[in-house]
Amino acid sequence: MKVSAVVISHDAPDELERCVHALLPDVDELLVVANTPQSAGPLPPGIGVIVNERPLGFAANANAGISRTRGDAVVVANADAIPRPGAVAALAAFMAARPRCGIAGPQLVYPDGRWQPSRRAFPTVSGTLVRRTPIRLLVDPTRYQRSHYLLDERPVRPVEADWMLGAFLLYRRKLLDELGGFDDGYRLYCEDIDLCYRAARSGWERWYVPAAVVEHAYPAEIDRTFLTRRTLWHARGMLRFVHKHPERLLSL
């Protein structure tokens with residue numbers, strides 16, 4: 001299985017450099033999408049680069065990068081996601097062995113090595129209200145939303161997932177072609193949930209592969225603040241998700 005990689009950078013040239021050097025040994029081709037002209041610093045030769053004249057959303061950037069690659073599978077990564085040696089190979093080997101595995105995700109860890117809960121259940125109405133409104137000041141989401149974050153599960157072997165954080169995921173090209181890639185209508189947030197949900201409805205498997213480990217400097221800004229640009233993007237993303245998939249409203 002030939003593996004391409006698309007790394008999306010937004011004003012993070014230092015993180016991008018680390019990510020690119022960590023990815024290069026494990027992929028057959030690598031392309032960087034610089035969301036602003038200053039997002040790409042010096043890069044090794046042979047790496048393709050798309051430089052946006054104006055910033056685009058994550059989904060649009062991912063689709064642009066995917067369209068310029070040719071691998072049987074494509075890693076789509078944030079610049080702040082640094083794979084440990086062998087991570088991509090572990091994901092690709094697992095995907096190659098399971099023809100219906102359309103998305104494979106690694107175990108994410110914080111820079112200090114702590115486990116990051118990246119495998120999650122599809123969102124519910126009540127859970128979203130708890131996590132994304134001032135209700136969370138009264139009700140601790142990590143206590144009352146353990147089933148969403150799957151905090152009581154730390155599998156050491158591959159296990160199926162509803163969805164996984166899109167900071168670093170391996171996508172089968174056939175799945176991307178069949179589903180039309182990401183939905184460009186998402187600015188930032190929820191595009192990963194939407195793609196995983198559409199994959200599930202089409203019979204594609206999504207797997208969490210903990211043998212593959214990726215360091216992710218997850219800022220979790222929307223978990224700490226209200227009424228910022230990012231929280232508004234998230235709210236718009238969730239509204240788009242529900243509009244596209246109204247049956248999720250039945251999952252209270």
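Tutor: Let us begin with burial: a residue is buried under 20% relative accessible area, exposed over 50% and partly exposed in between, with a 1.4 Å probe and protein chains only. Asp11 has a relative accessible area of 40%, so this residue is partly exposed. Buried residues make up 54% of the 252 residues in the protein chain.

Student: On what basis are such values given?

Tutor: This is a predicted model, in which local features need pLDDT of at least 70 and side-chain atom pairs count only at pLDDT 80 or more, while totals for chains, interfaces and linings use all residues. Residues are numbered from 1 along each chain as its sequence is written, and side-chain values use heavy atoms, with hydrogens and water left out.

Student: How many helices and strands are there in the protein chain?

Tutor: Helices (H or I, at least four residues) and strands (E, at least two) are DSSP runs, numbered from the N terminus. The protein chain has 9 helices and 12 strands.

Student: Which strands pair with β2?

Tutor: Two strands pair if DSSP finds at least two bridges between them. Strand β1 (residues 3-9) pairs with β2 in the parallel sense over 6 bridges, and Leu30 in β2 is the bridge partner of Ala5. As for cover, 5 of the 6 residues of β2 (residues 29-34) are buried.

Student: How many aromatic pairs are there?

Tutor: Rings of Phe, Tyr and Trp (its six-membered ring) pair if their centres lie within 6.5 Å; planes under 30 degrees apart count as stacked, over 60 as edge-to-face and the rest as tilted. The count comes to 5 aromatic pairs. The rings of Phe94 and Trp207 have centres 5.1 Å apart and planes at 55°, so this pair is tilted. Phe94 belongs to helix α3 (residues 87-97) and Trp207 to strand β12 (residues 205-216), 113 residues apart. Both Phe94 and Trp207 are buried. The rings of Tyr197 and Phe241 have centres 5.5 Å apart and planes at 70°, so this pair is edge-to-face. Tyr197 is in helix α8 (residues 191-201) and Phe241 in helix α9 (residues 229-244). Phe58, Tyr171 and Phe182 are linked by ring pairs into a cluster.

Student: Which charged residue sits over the ring of Trp204?

Tutor: A charge sits over a ring if NZ of Lys or CZ of Arg is within 6 Å of the ring centre and within 35 degrees of the ring normal. The charged end of Arg100 sits over the ring of Trp204, 3.8 Å from its centre. Arg240 lies over the face of Tyr186, at 5.6 Å from the ring centre.
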